[in-house]
Amino acid sequence: MEQDIKITIIDRDGEAHEIDAPTDMAMNLMEVVRSYELAPEGTIGVCGGMAMCASCQCYVLSDHELPEMQDDEEAMLSEAFDVQENSRLGCQIAITPELEGLKVELAPES
Ligand code: FES
């Protein structure tokens, strides 16, 4: 489908998956990871995408321009474990055509 973009997601075992993500279904990155079962149920998206759990934390490896962080995402990441410069909450990243070729790595389960 032409509304799909390619995203590479490195799972918590270090394995890279190149997947197609739909841009026309109002999905976020956390939901994409869940729909492809790249992390076991219950270890990602715990708060349902409310920026309240950090289970969807990922490291952004490509230099895409991402939507700016909102206060709740910033606050959550300031309390989360294993946070790095390029950490983002997957649930706060909407899948849009601009993210074609995005590459992210899932942060360790905390
Ligand atoms: S799913 Fe909880 S912060 Fe993203």
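**Contacts, core and overall form**

Modeller: Contact means heavy atoms within 4.5 Å. In this protein, 62% of the contacts with a separation of 6 or more join residues 24 or more positions apart. The model is predicted: local features need pLDDT of at least 70, side-chain atom pairs count only at pLDDT 80 or more, and totals for chains, interfaces and linings use all residues. Residues are numbered from 1 along each chain as its sequence is written, and side-chain values use heavy atoms, without hydrogens and water.

Colleague: In what order do the elements of the protein run?
Modeller: Helices (H or I, at least four residues) and strands (E, at least two) are DSSP runs, numbered from the N terminus. Here the order is β-β-α-β-α-β-β.

Colleague: Which residues touch the most other members of the largest nonpolar core?
Modeller: A nonpolar core is a set of buried Ala, Val, Leu, Ile, Met, Phe, Trp, Tyr and Cys residues joined through side-chain atoms within 4.5 Å; buried means under 20% relative accessible area, exposed over 50%, partly exposed in between (1.4 Å probe, protein chains only). Among the 30 residues of this core, they are Ile7, Ile9, Leu29, Leu89, Ile95 and Leu102. The element α1 gives the most, with four residues.

Colleague: What does Ile7 touch?
Modeller: Leaving aside residues up to four places away in sequence, its partners include His17, Ile19, Leu29, Ile95 and Leu102.

Colleague: What percentage of the residues is buried?
Modeller: Of the 110 residues in the protein, 45% are buried.
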